[in-house]
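We will take them one at a time, with a short note on what to look for at each stop.

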Amino acid sequence: MMQFQSQTPTQSPFTALLRKDIRLASQLMLPALGIVAALAVFVAVLPLLGLDAMRSFNVKHTTLLQRLEILFPILLGMAIVVPGWIAVALTFGDAQRRGSTLVSMLPVASRTKWISKLIVAIACTMLFTAFTISAAYANPGPEAFIFNNIAWALGIGVAVQLLGMCSGFAAAAFTRSTVAAYVLAIGLPIAALLTIVALDWLVGRSALFLFTTSTAAIRVELGIDFDESPTFRNWVRAHEDLRQIVCLVTLLLCALFCAWRGRGRVAGHGDSTRGSRRTLAWCIATILFAVLIVNSIMTVQISSYYSKLTTELRKQGEHEAQAQLKSTAELVDESRDFTRQFRNTQQCEQIFLYDYMAFRSTTSDTSFHPYRPDEPARGSLLDYYALARRYETRPEEVVVAFRAIMHDSVGRELDQRFFAADNIGPEAVIGVALRALVDAATPCERLFAIEELGARIDLEQMGLEMVRQMAVMLISFSDLPPFAFRETDMQFPTCGYRARAIVLVTALRRHCASAPPRASEAMTEALAEFGIDDATLDKCRAILEAPLLESWEPLEGKAAGGGEHLLKRLSQLKDCLDCNGSVFFKPAETDPAYLIADR
Amino acid sequence: MTTNDTTTSSVSALGLECRGLALSFGRVRALDGFNLTLTAGEAVGIVGRNGAGKSTLFRAIIGAESLERGTILSTTPTLTRLPLLARTGFVPDTLSAYDWMRVGESIAYVAALQPNFDAAWSRELQALLELDLDVRVRDLSRGMQARLAFVLGLSHKPDLVLLDEPLLGVDAVTHDAVLEMLARMRATHQCTMLIASHQLGDLARLTDRVVFMDRGRDVISINTDELASGSTRLIVRGLSLEWKPNFDRVHFRRQDGACVLTLQGHVEPAIKAILANEPSARFERVALSINEACADRLRAMEDRS
């Protein structure tokens, strides 16, 4: 029989708690370890059961270590469940009410009790992490067993099991019922995940969304057509509201729960527990309040932004409505002044200075800007958009108008002609570009035509991806003769377009001669429509072969004022463009058809 | 941590004041505005039917349950939680110990965590209660569990003793010895006691007054001396079925064709005067035991609510 002296405390409170928790956890760990051992034995003796048994368990390996790999999913599942299970049991004392009462009636600091539980739970966690990782890497396959893999496995393993452990502790703290705690231990990680997602949407995305869609919202309110898909926009808006509501309700419930838990006051408990619950409730309430304030400020700011935009957008809407009433002929006439990018010589020079791609990325597609009364060309652009929209209802009428525009080299700017041709088809664009290349009055127009030509040929069969990201229709040719570009030139988009334009013109020349490569009948018709014959194509090829600019002096003068980097850039561009077109090809890998003979 | 190997006594007993305690478990209101003042050195009994909220009250006092509303204050308000718990002894209705531990291990565990643990006093208790230290807790009988609960809860000579049905299942000999020990403890240590029990005789022996509890509320507080003496039972025969007294302090029920009237306070003359107007009425006066008196009071409380 144990002697009375044994009750004299020879151990510290923490040691006593730790010993108790270890003994308690070990009772729960034993069944888990028993399951692991039984599985390991089963895997060990599996070959004795024959090949059919091994096949039924999808076991192909012969060594014991290799066979242990099949335990990985089971061990991973246990790695999540067992720490949670142990955490719940530790929190409840011994999974019965009497244990928790004993803990409550003894004068031990909560932190001491929790640290003891945490140490034991982490030890169990590490044990199962080791099992899981061992099973994952038991099979020394072709993949190297390198440090990074171990670190990742450890990190993921520990994180997964900490999730189980934390949810176990939290679940036990929420409920008096052991069964409910075990159920919550599974449900809490999911709830935590949902809360985090909701919070993310509240504090991050909602603000951004309000700003980015403000224009769209006004347009919808004013009844103005919107370029983006309304279905998508409505979907986003609806879900955004839902997420905010979910988040706010979640936070509110948390605050109410904390406040409810911190209501009564027990003598002497004065109250760290009650105080912390109340503090938490206050924190959540403060966050909610702050979020509401910030949202209100944002709403006011957005309202001011709205009020400015509303006037402009209303004018735009009125203009669009009026445009719809106009006849097609009127629209064609009044859209005469619109332009997309080539507005003046200065901008054209910028293209050369900064190269094509960089310039286009900042200046192209200006249509998303709101209507500005001080910009006359915008009204013309709106008329042109109305004309394009009419294509959906009265296509024949509009096609006639577009054809008239794209052939009107005197009354319309090149940009307008391309826009019109783009609505008809890629063959029409190529026709306009070839004609513009021959008839170009300025280097800018020539450059524009080269870009359109280079961007319209599909070279995917030659292993080259599209030059630009815009969704444009391309012309494909069957059996293109082989060629290879010089890589150094291709880093400049302008050079790339020029080289690809040479390929296109060469292919068209062979197409017209009814020799491979061939394109579609539509291409033949388009060339005929624009009066492009073999001689014209030869002329185009000659233009593409010649240096693009006759004189670089004006540009060099401007670049000098722009800094050293600009001069360097222009110098590189000059090296690339101040040469013959055939230089862009590697002669050894290129069919002679692409090259000018007297090169 | 240190252990006091000699008997220590506190400088002052602890009092307790409970105001408007409220606590629910789902739809069940375990405490519903409960009030109780426990002056230092006083012994108070709590009486109530099963589910009246007695155990919840004790668990709330030690902090095992979080109150929804109300306050529990000690007469030494500066005491923080741990020192207060160190001066409080709780003997619950079901044993609070890990059932996988042995009895000796359980006591050693509490000894390690209880700074005021008095080893000599604990040994005295163990001897009195005849505990076998080598038996596992799970193997203890109901009575032996109750004995162990006493040792675990009182080994530190608490200033505030909370006893929740402490003697359930305890044999008559031990029962007497424990009552004797508690009475001696109160006399020598002057501790404050709050005892919940269905054994009214025990309460009469140990407490100064008894608080009746019903559905989480305190209903009435009566001095123990008045508990039985203040109640009288009249069994009246020969009355019509419609007859019913209309008195506040009279509990009325029918039993085997007779009317049973439990009278509280000095209402007997008035009742007898009324019965004098009923010529067929024959009544007899019955002396009530304390248990019968309390049972009648509990029934009366239930009828009123």
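**First stop: a strand pairing in chain B**

Select B:Ile235 and look across to β12(B), where its bridge partner is B:Val260. Keep in mind throughout the tour that this is a predicted model.

Now widen the selection to residues 231-237 of chain B, which are strand β10, and residues 258-264 of chain B, which are strand β12. These two strands run antiparallel to each other and are joined by six bridges.

Next, bring in the rest of the sheet. It is an open sheet of four strands in chain B, ordered β11-β12-β10-β13, with antiparallel pairing. Which strands lie at the edges? Select 250-255 of chain B for β11 and 282-286 of chain B for β13: each of these edge strands pairs on one side only. Turn the view to follow the twist, which averages 20 degrees from one strand to the next.

**Second stop: chain A as a whole**

Switch to chain A, where you will find 25 helices and zero strands. Of the 599 residues in chain A, 32% are buried. Take the contacts in chain A between residues at least 6 apart in sequence: 73% of them join residues at least 24 apart.

Select residues 426-439 of chain A. This is helix α18, with 14 residues, and its first and last C-alpha atoms are 20 Å apart, close to the 20 Å expected at 1.5 Å a residue.

Is α18(A) mostly covered or mostly uncovered? Mostly covered: twelve of its 14 residues are buried. Highlight some of these buried residues, including A:Pro426, A:Val429, A:Ile430, A:Leu434 and A:Leu437. A:Glu427 and A:Arg435 are also among the buried residues of α18(A).

To see what does the covering, show α16 (395-407), α17 (414-424), α19 (443-455), α22 (521-529) and α23 (534-545) of chain A, which are included in the cover over the buried residues of α18(A).

**Last stop: confidence in chain A**

Colour chain A by pLDDT. The mean for the chain is 72, and 65% of its residues reach 70 or more. Where is confidence highest and where is it lowest in chain A? It is highest in α18(A), at 91, and lowest in helix α14 (residues 356-363) of chain A, at a mean of 40.

Two further stretches deserve a selection. Residues 1-7 of chain A have pLDDT below 50, and this stretch has 17 contacts in the model beyond near neighbours in sequence. Over residues 341-346 of chain A, pLDDT stays under 50, and the model has ten contacts for them beyond four places in sequence.

How values were computed:
Residues are numbered from 1 along each chain as its sequence is written. Chains are lettered from A and ligands numbered from 1 in the order in which they are written. This is a predicted model: local features need pLDDT of at least 70, side-chain atom pairs count only at pLDDT 80 or more; totals for chains, interfaces and linings use all residues. The expected span of a helix is 1.5 Å times one less than its number of residues. A residue is buried if 20 or more other C-beta atoms lie within 10 Å of its own, exposed if 12 or fewer, and partly exposed in between; C-beta atoms are placed from the backbone. Two residues are in contact if their C-beta atoms, placed from the backbone, lie within 7 Å. pLDDT is the predictor's confidence in each residue, from 0 to 100. Two strands pair if DSSP finds at least two bridges between them. Axes are lines fitted to C-alpha atoms, for helices over the stretch in contact, and angles run from 0 to 180 degrees between N-to-C directions.
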